[in-house]
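Please read them with the structure open beside you.

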Amino acid sequence: MKKLFICLTDFQILNALNLQVNNENNEDADIFFVTNKQGNEELAARLQATKIFKNVYLFNNSKISGLHRYFRNLTEKKYKNSFISAFTESAREVFYKICSKIYGLEYKVNKKVIFGKEIDFSIYDRIFCLDKRQIVVDVVNAVKKKTNGKCKISLLDEGTSTYWRSILETHFPIDDIYLYQPNLANYYYDKNWCERFKVIPKIDWKDQKFRKIINYVFEFVELEKNGNKLLEVKNKIIFFDQNWDPMPKYFDHLPSVLRFLLHKPYKKTQERKPFLRRENGNVSYCC
């Protein structure tokens with residue numbers, strides 16, 4: 001049996017590396033992440049080359065260039081693809097969703113894995129993840145089904161959200177929670193959760209071996225100017241930030257009839273959620 005790390009962000013990938021190298025390296029582990037940004041296929045290849053994880057899986061969750069995007073591009077006067085290619089891609093997506101309903105979660109996940117072999121969901125006895133996207137729920141449920149619910153679920157630190165009680169409201173039971181600073185969680189003193197905290201080892205600046213791993217995986221390079229290395233920043237700076245999606249351009253000039261028909265998505269794009277930011281010890285409230 002082995003572990004599976006499900007990651008949605010680079011920070012979670014960093015934490016998976018940290019746990020596997022510095023704390024959990026006595027057990028085999030696989031890692032699964034998604035195409036949420038450009039360059040993730042190359043990142044997957046570098047992860048595989050480190051041999052820290054037995055298997056690396058990259059899931060394609062990129063938006064399709066189907067009919068919806070075709071008509072959206074027409075509204076914005078962008079002509080990137082033809083109607084035929086858009087129709088074909090939409091048809092393929094419909095076929096994929098129908099087959100996913102028929103053949104289940106294993107098909108739904110494996111069909112869109114674009115890096116790595118087919119996943120065997122029956123081999124995992126532990127999962128590290130954060131319930132943030134449907135793909136996470138799908139993978140966890142597929143594993144739990146194949147293991148008769150015996151797989152242990154651990155929440156993996158992803159940022160500020162894992163320190164809020166709302167993160168505990170998930171689609172599956174939680175066995176323990178891995179955080180860097182559990183005492184900062186607003187549920188730290190809750191007797192139902194206090195015994196489930198596990199501390200992720202701090203990343204040591206002097207650990208040259210691990211720094212080389214991070215630099216290689218994320219393709220960080222030392223910058224030079226006029227033949228001299230640039231000054232390395234060693235001060236500790238913590239950011240608590242939350243972004244939001246801007247109003248889509250194709251909503252800017254919609255006629256009144258379409259604004260009425262698309263009232264719900266139109267209103268949704270106008271919402272802005274407040275967030276806290278801490279910079280150099282100063283906390284500010286932004287909205």
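**Notes on the predicted model**

1. Asn148 sits in the loop that runs between α6 (134-146) and β6. In this predicted model, Asn148 is not a glycine and yet has a positive phi, near 55°. The residue counts as exposed, because its relative accessible area is 65%, where the cut-off for exposed is over 50%.

2. Lys51 belongs to the loop between α2 (40-50) and β3 (56-59), and with a relative accessible area of 71% it is exposed. As background to both points, most residues other than glycine have a negative phi.

3. Leaving aside residues up to four places away in sequence, Thr162 touches Leu130, Leu156, Asp157, Ile167, Leu179 and Tyr187. With one of these, Asp157, the side chain of Thr162 makes a polar contact of 2.9 Å. Ala185 is 23 residues from Thr162 in sequence, while their C-alpha atoms are 7.6 Å apart in space.

4. On confidence, the chain has a mean pLDDT of 81, with 72% of its residues reaching 70 or more. Over residues 271-287, however, pLDDT stays under 50, although the model has 32 contacts beyond four places in sequence for this stretch. Where pLDDT is low, the predicted coordinates should not be read in detail.

Key:
Residues are numbered from 1 along each chain as its sequence is written. This is a predicted model: local features need pLDDT of at least 70, side-chain atom pairs count only at pLDDT 80 or more; totals for chains, interfaces and linings use all residues. Side-chain values use heavy atoms; hydrogens and water are left out. Contact means heavy atoms within 4.5 Å. A polar contact is a pair of N or O atoms within 3.5 Å; within protein, one must be able to donate a hydrogen and the other to accept it, and residues adjacent in sequence count only if both atoms are side-chain atoms. pLDDT is the predictor's confidence in each residue, from 0 to 100. Helices (H or I, at least four residues) and strands (E, at least two) are DSSP runs, numbered from the N terminus. Buried means under 20% relative accessible area, exposed over 50%, partly exposed in between (1.4 Å probe, protein chains only).
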